[in-house]
Amino acid sequence: MEKPGLTHSRRHFLGASVAAAAATEFGITRSTHAQPESGERVVTGGIGQSFGPVKQISAGDLSVGYVEAGPAHGRAVVLMHGWPYDIHSYVEVAPLLAAKGYRVIVPYLRGHGTTRFLSSKTPRKAQQSAIAVDIIALMDALGIDKAILAGYDWGSRTGDIIAALWPHRCKALVSATGYLIVNVEANKMPSPPKSEWAWWYQFYFATERGVLGLREYRHDLAKLVWKFNSPTWNFDDATFDRTAAAFGNPDYVSIVVDNYRWRLGLVQGESRYDALEKRLAAASTIGVPTITVDGAHDPFTPPGNGSAYRKKFTGKYAHRTLAVGHNIPQEAPQAFAEAVVEVDGF
């Protein structure tokens, strides 16, 4: 295992010349009926800049907004964001992986960005298995049988669930903060006060005052969470505002509130996911090759350099601790991309 404070692994991932080439490689066009194509798919804007126009594709309950990079027939990598973040957590990771020949998919999760429910009758719910089913549906729609999954926060949890329930769809996994699958009954037990304090917004959203607060102050609330989650990340207003645009989704408040209330056992999930949740509650382990990544300055990183969740991963495994906060791919894009390449070789 690597020691805390390392900002990259021992092997150098990309030289400046390769990164510069990747920066010029990105371009993307909007499509309402996106289908796999031959040739290169790239995203506009260089490293540190913004993605270009977002594609849309019908997948399960959703019209999913996503960006895509790299060769169409490259090995697939699905990068999943957390809350309160969006696809731009991967704006520097994606070109690094594209330059290595990967087909990179970065979707907006339900309730974020351009992702929309196809039917007004679909409940605006967000329990953990629903989001995982969304990603499986997206992979099906894009013709991806198996992918490397990588994420943090909601994205880690989603990758963990897919790896646990559908290991045949997950070639390998990069999971920030380790094992995040929720057992709702176990989650009813209190954590030490310092941990509970860090989750203040979870309890805020349990109240109607919190719902109104998220609706009215979604921008300011998210920025406060960014600063708390990543105390050493000196992001600028433009970086935050680029992501905050994703919070204008009409279902954003409903999805965020339901997700956190469901975790606390305050609301019921949808019955169609009951069987999946029952399997997850049975102490599911993950057998696919995995690298877990912790942020040394992330207030949600458990103590012990990964030891708190080590037994949950039964396949080939490695752990990294980086000198960053919660939004690991945006704070340490090269190290995160390197973890994806490394776990692919396990």
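The largest share of the lining of the second largest cavity comes from α3, which supplies four residues. Helices such as this one (DSSP runs of H or I, at least four residues) and strands (runs of E, at least two) are numbered from the N terminus. The model is predicted, so that local features need pLDDT of at least 70 and side-chain atom pairs count only at pLDDT 80 or more, while totals for chains, interfaces and linings use all residues. Residues are numbered from 1 along each chain as its sequence is written, and side-chain values use heavy atoms, with hydrogens and water left out.

The structure contains four cavities of 30 Å³ or more. On a 1 Å grid over the protein atoms alone, a cavity is a set of points where a 1.4 Å probe fits but cannot get out, and a pocket is an open set with protein on both sides within 12 Å along at least five of seven lines; lining residues have an atom within 4 Å of a point. Grid points are joined across faces, edges and corners, and a volume is the space filled by probe spheres set on the points. For the second largest cavity the volume is about 60 Å³. Its lining consists of Leu62, Val64, Pro107, Tyr108, Leu109, Arg110, Ile131, Asp134, Ile135 and Leu138. By class, the lining has eight nonpolar residues, no polar ones and two charged ones, where Ala, Val, Leu, Ile, Met, Phe, Trp, Tyr, Cys and Pro count as nonpolar, Asp, Glu, Lys and Arg as charged, and the others, Gly among them, as polar.

The largest pocket has a volume of about 1,300 Å³. It is lined by 41 residues, and Leu180, Asn187, Ser191, Trp199 and Phe300 are the closest to its centre. Two or more lining residues are given by each of α4 (154–165), α5 (193–198), α6 (200–204), α9 (252–263) and α10 (274–281). The largest share, five residues, belongs to α5. The lining of the largest pocket comprises 26 nonpolar, eight polar and seven charged residues.

The volume of the second largest pocket is about 310 Å³. Of its 16 lining residues, Val184, Trp262, Gln268, Gly269 and Glu277 lie nearest the centre. Helix α10 gives the most to this lining, with four residues. Here the division is five nonpolar, six polar and five charged.

Helices α7 (residues 208–229) and α8 (residues 237–244) have axes that come within 11 Å and cross at roughly 125 degrees. Axes are lines fitted to C-alpha atoms, for helices over the stretch in contact, and angles run from 0 to 180 degrees between N-to-C directions. The pair is therefore oblique (under 35 degrees is roughly parallel, over 145 roughly antiparallel, 65 to 115 roughly perpendicular and the rest oblique). The contact (heavy atoms within 4.5 Å) involves His219, Ala222, Lys223 and Trp226 of α7, together with Asp237, Thr239, Phe240, Asp241, Thr243 and Ala244 of α8. These residues divide into four nonpolar, three polar and three charged.

Two features of the backbone remain. Most residues other than glycine have a negative phi, and most peptide bonds are trans. Tryptophan 83 and proline 84 are joined by a cis peptide bond, with omega about 0 degrees; proline 84 is placed in the loop between β4 (76–80) and α2 (93–99). Aspartate 153, although not a glycine, has a positive phi of about 55 degrees and is found in the loop between β7 (147–151) and α4.
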